[in-house]
Amino acid sequence: MDVAPEEDLADVFDTLIGILHRGCDADVLDVFVSMDLTLTQVRVVFMLAMHGSELPINVVAERLNVSVATAGRTVDRLVTLGMVDRREDPDDRRSKLVSLTAEGVRLADTQREGMRERIRTFSRALPADVADGLREAVAAAIAATPEHLRAGAACSPDQVRTCS
């Protein structure tokens, strides 16, 4: 039975992502467990970190596919833990805006730095010709990716060589 090219590519990416995550997940999960964070709370922290600025609670709820009440309770707990700030929207007093505190940024940065270090280790282990070919292929794939799929990406296609 033949495998469709996109399924074969998905399998290759799945394997690569597994290799890159190996060893990082346990460290990151240990931090979350030690802080007694739920998966939804972690998702809020990472979503706000990726977004880079404050968001209304209803947008947080939409992006996480949870109710506004659930998002509100999640934010309440994160405020208590010092991970996020919540303030009234000056344009709509009924709406609350949520942003990361320095502690929330630190948590997200810790996870990202662990992943970046794993990627650097992986990259340094590749033969130069393979690394060059992979860099070119990934840069081309990023450039060809529709904008709606790139939303929230940390690196633009022209930063592939410099962004870590």
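User: What should the 13 residues of α3 span, and what do the end C-alpha atoms give?
Analyst: At 1.5 Å a residue, α3 should span 18 Å, and its end C-alpha atoms are 18 Å apart, so the two agree. The expected span is 1.5 Å times one less than the number of residues. Helices (H or I, at least four residues) and strands (E, at least two) are DSSP runs, numbered from the N terminus. This is a predicted model: local features need pLDDT of at least 70, side-chain atom pairs pLDDT 80 or more, while totals for chains, interfaces and linings use all residues. Residues are numbered from 1 along each chain as its sequence is written, and side-chain values use heavy atoms, without hydrogens and water.

User: Which α3 residues are buried?
Analyst: Q41, V42, V44, V45, M47, L48 and A49. Buried means under 20% relative accessible area (1.4 Å probe, protein chains only).

User: What comes just after α3?
Analyst: G52, with a positive phi of about 85°.

User: Switching to the core. How many residues does the largest nonpolar one have?
Analyst: 23. V45, L48, V60, L78 and V84 have the most contacts inside it. Such a core is a set of buried Ala, Val, Leu, Ile, Met, Phe, Trp, Tyr and Cys residues joined through side-chain atoms within 4.5 Å.

User: Which element gives the most to this core?
Analyst: α3, with six residues.

User: And L78, what is in contact with that one?
Analyst: Beyond neighbours within four places in sequence, L37, Q41, V44, V45, M83 and V84. Contact means heavy atoms within 4.5 Å.

Conventions
Buried means under 20% relative accessible area, exposed over 50%, partly exposed in between (1.4 Å probe, protein chains only).
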